[in-house]
Amino acid sequence: MTVFADLVVFNTLTRRFEPFEPLVGRRVFMFVCGPTVYDYSHLGHARTYVFYDTLARFLRKLGYSLFYLQNITDVDDKIVNRAAEEGRDPVELAREFESYYYEDMRALNITSVNLYARASDYLKEIFEQVETLIKLGKAYVTESGVYFDITTFPDYGKLSGQRPEELRVHRIEPDPTKRNPGDFALWRNRPREEFGWESPWGYGRPGWHIEDTAISIKHFGKQYDIHGGAIELAFPHHEAEIAQAESFTGEKPFVKYWIHTGLLTVEGEKMSKSLGNFVTIREALREYDANTLRIFLLSRHYRSPIDFRWEYLEQARSSYERIINCLENLKELEIGEGGDEEREFLSRVRERRDSFYRRMLDDVNTAEALGELYELVRDVNSFSERMGKISEAGRNEVISTFSELLDLLGLRIEEGPDTSMLHALISLILDVRENLRRRREYDLADEIRGRMRELGIDVQDTPKGTKWRIIG
């Protein structure tokens, strides 16, 4: 088996392709920004978390010891506001949608996360970091809360490439008490009738950005290997994380590799409830299975934008069905002695596997890796149709190769219901057709074959008898 190494990734921080070299040996720490749990997760979440699940699977396959940490933002204005609208407790609402998020992740076969960390469990670490930043002169207190002074951090903007004077969007709110418009909140004081906690600076809630550095520094220390998230988080969220963490610890870089996923649009437009094009994960899974959805989401390079259309899911479903039908047909082949043609065929299978890995090693290019998988399907189908038999060892090697590559992409080989009844019915129909042929009723026999093909069953009359296979 080929030994693979030399993974190359694109680092948003340096804007370069770089060899992947963990900070310490083969140990990898990866943090990915999780959801704000005030609503059902949508396809943008699916795009991001399916990719990082695939990256985690691949890193472990390459022999790295990976600890994958993801935060759960359960402290946020959106949660508080929705709870107020519905007359509910914010904690209760957050826990409900957190449970729905886990359901969605399990449904998508996302199994690689080692720890989900709730922001509300890290108030002690948040207080410690804010107090330290104030003492260091990096943050200041006003009547509205505590703010990070971006003028004290010359590298602010280095991740997103924006100048400080441009950094006035997203969750940076106007506040006349701030020194600079771009200063961001570490702690925000809130009215006591709202949900919150007591702090050294008043009653309120933590800022969005400090939650993540509190979690990641607690578990990973001053520096770690990979930080992931959607590209729209690069500013202000990830810029703020870098400023806070490097100011707090005095170490840089806070994260060695910043790896971001591209945007997901719906029929060319940004997904929005106001536009009526907001698609949740569970809505998509009501129409298509997880394998189909993962194939669609991995069919574009992770840094590229991806446009969602229902017809694209139909195409992805057809692609997965071709894979499964290929495996089913392979299992139906007669067992025979392997010869020169089989040895040549198995050599091509190994070459396809190697090509799959080369695509993945090149900045985790799942789109091209899927292309190699489809070529493997064509190779196997061609061999199956031409030879009609395979050695047991050869079949086992091909099935093992498919299992390995599908597992890396998080695709399940579904174990369907017992097909013995289906096979018995097909055999019965073919027996009837053979009797018609013996009585020279060829038109009716051909009609049966045509109808079976419409149902996805290809029937071939050969010198060795009638054979059939499921077609995609």
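This is a predicted model: local features need pLDDT of at least 70, side-chain atom pairs count only at pLDDT 80 or more; totals for chains, interfaces and linings use all residues.

A: Gly196 counts as buried because its relative accessibility is 16%, where buried means under 20% relative accessible area, exposed means over 50%, and partly exposed is in between (1.4 Å probe, protein chains only). You'll find Gly196 in the loop between strand 8 (184–189) and strand 9 (204–206); helices (H or I, at least four residues) and strands (E, at least two) are DSSP runs, numbered from the N terminus. Leaving aside neighbours within four places in sequence, Gly196 is in contact with Tyr203, Gly204 and Arg205, contact being heavy atoms within 4.5 Å.

Residues are numbered from 1 along each chain as its sequence is written, and side-chain values use heavy atoms, with hydrogens and water left out.

Now for the wider setting. The protein has 472 residues, 52% of them buried, and its secondary structure comes to 14 helices and 18 strands. Its C-alpha trace spans about 95 × 50 × 35 Å along the principal axes. Of the contacts with a separation of 6 or more, 76% are between residues 24 or more positions apart.

On to the inside. In soluble globular proteins, nonpolar side chains tend to be buried together. Here the largest nonpolar core has 85 residues, and Leu7, Met30, Leu59, Ile259, Leu373 and Phe402 touch the most other members; such a core is a set of buried Ala, Val, Leu, Ile, Met, Phe, Trp, Tyr and Cys residues joined through side-chain atoms within 4.5 Å. Helix 1 (residues 43–61) gives the largest share of this core, 10 residues. The core lies between domain 1 (8–261) and domain 2 (290–409), because both give residues to it; those bounds come from an automatic or database domain assignment. Apart from this core lies another, of 39 residues, among them Trp208, Ile217, Tyr224 and Val255.

Most residues other than glycine have a negative phi, and most peptide bonds are trans. A cis peptide bond joins Phe235 and Pro236, with omega about 5°, and Pro236 sits in helix 6 (residues 234–249). Another cis bond joins Lys252 and Pro253, with omega about 0°; Pro253 lies in the loop between helix 6 and strand 11 (255–261). Arg15 has a positive phi, near 60°, in the loop between strand 1 (8–11) and strand 2 (16–19), and Arg15 counts as partly exposed at 42% relative accessibility. Glu267 also has a positive phi, about 50°; Glu267 is in the loop between strand 12 (264–266) and strand 13 (269–270) and is partly exposed, with a relative accessible area of 48%.
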